[in-house]
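This report walks through one protein model for a reader who has not seen it before. Please keep the sequence and the structure in view while reading.

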Amino acid sequence: MKIVGILGSPSVTSRSATLLQHAQAGLQNVASSLHTISVRELPAEALLHAQFDHPLIRQALHEVHEAQVVLVSTPIYKAAYSGLLKAFLDLLPQDGLRDKTIVPLATGGSIAHLLALDYALKPVLSALGARDILDPVFATDPQIPKHETDGYRVLPEVQERLDRTLQTVTARHEEFQRLEDAAREREALLARLQSPHAGDATRWASRDVRWST
């Protein structure tokens, strides 16, 4: 399962970055690839002027295109997600999030900012084609307190909510794995049937045939 995280925080270290890191850590066992797009590290001019031909912009958009799961993490300011995140989402094509599982993550000064996810972020994700948007995980500043030496820490109550959401992603992985295994089995069988040495169907080994009634 290819997973990409989009971080919309303008700060080098932040609570939203910490929340994203915890989410990514919880998905390491099911990830075939795991990338983070820190929007603040993209070239500002290329980002603001939508320079799609810039190598770093092109690479970031490609990572989103290839991902099956997209983690979107942002601080909430004045009941809105960050301007950095908006600038990046504006670069995605109209159906850029179609057929992807989306995990919204956000942090804010108080629980009052929680509504920004439903009224600001989710509609934008839906407009980009997202139909599988999981329950968002929102944490207030006191729920991710600052530590003297370890940056920020996620309190157990937030980790529990995060784990519940990630369990859904894990279930998606198991479903994808079954579909991929079935597809590989079909391709292998078709390859044997199309082989010039396949011979008469009566010579098929019984283990290669599945009977149904």
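Threonine 74 has a relative accessibility of 0% and so counts as buried; buried stands for under 20% relative accessible area, exposed for over 50%, and partly exposed for what lies in between (1.4 Å probe, protein chains only). The model is predicted: local features need pLDDT of at least 70, side-chain atom pairs count only at pLDDT 80 or more, and totals for chains, interfaces and linings use all residues. Residues are numbered from 1 along each chain as its sequence is written, and side-chain values use heavy atoms, with hydrogens and water left out.

**Threonine 74 and its surroundings**

Threonine 74 belongs to strand 3. Helices (H or I, at least four residues) and strands (E, at least two) are DSSP runs, numbered from the N terminus. The side chain of threonine 74 comes to 3.1 Å from the backbone nitrogen of serine 82. Leaving aside residues up to four places away in sequence, threonine 74 touches several residues, including Tyr81, Leu105 and Leu121; contact means heavy atoms within 4.5 Å.

Glutamate 41 sits in the loop between strand 2 (33-38) and helix 2.

**Helix 5**

Helix 5 covers residues 115-127, and its 13 residues should span 18 Å at 1.5 Å a residue, which agrees with the 18 Å between its end C-alpha atoms. The expected span is 1.5 Å times one less than the number of residues. At leucine 121 the helix bends by about 35 degrees, and proline 123 follows within four residues. The bend is the angle between axes fitted to the seven residues ending at a residue and the seven starting there. Just after helix 5, glycine 129 has a positive phi of about 100 degrees.

The buried residues of this helix are Ala116, Leu117, Ala120, Leu121 and Leu125. Among the elements that cover them are strand 3 (69-77), helix 4 (83-89) and strand 5 (101-108).

**Nonpolar cores**

A nonpolar core is a set of buried Ala, Val, Leu, Ile, Met, Phe, Trp, Tyr and Cys residues joined through side-chain atoms within 4.5 Å. The largest one has 33 residues, and Leu42, Leu47, Val70, Phe88, Leu92 and Leu97 have the most contacts inside it. Helix 5 gives the most to this core, with 5 residues. Another core, of 23 residues, lies apart from it and includes Ile3, Leu27, Ala139 and Leu166. Leucine 92 touches Leu61, Val64, Leu97 and Leu128, residues up to four places away in sequence not being counted.

**Salt bridges**

A salt bridge is a side-chain nitrogen of Lys or Arg within 4 Å of a carboxyl oxygen of Asp or Glu. The count comes to 4 salt bridges, and the table shows some of them.

| Pair | N to O distance |
|---|---|
| Lysine 2 and glutamate 66 | 3.4 Å |
| Aspartate 141 and arginine 15 | 3.9 Å |
| Lysine 122 and aspartate 118 | 3.4 Å |

Lysine 2 in strand 1 and glutamate 66 in helix 3 are 64 residues apart, and their pair links distant parts of the chain. Aspartate 141 lies in the loop between strand 7 and strand 8 (146-147) and arginine 15 in helix 1 (residues 15-26), so this pair ties together parts that are 126 residues apart in sequence. Lysine 122 and aspartate 118 both lie in helix 5, 4 residues apart, about one turn of the helix. Lysine 122 is partly exposed at 23% relative accessibility, and aspartate 118 is partly exposed at 38%.

Definitions and conventions. Polar contact = N/O pair within 3.5 Å; in protein donor to acceptor, adjacent residues only side chain to side chain.
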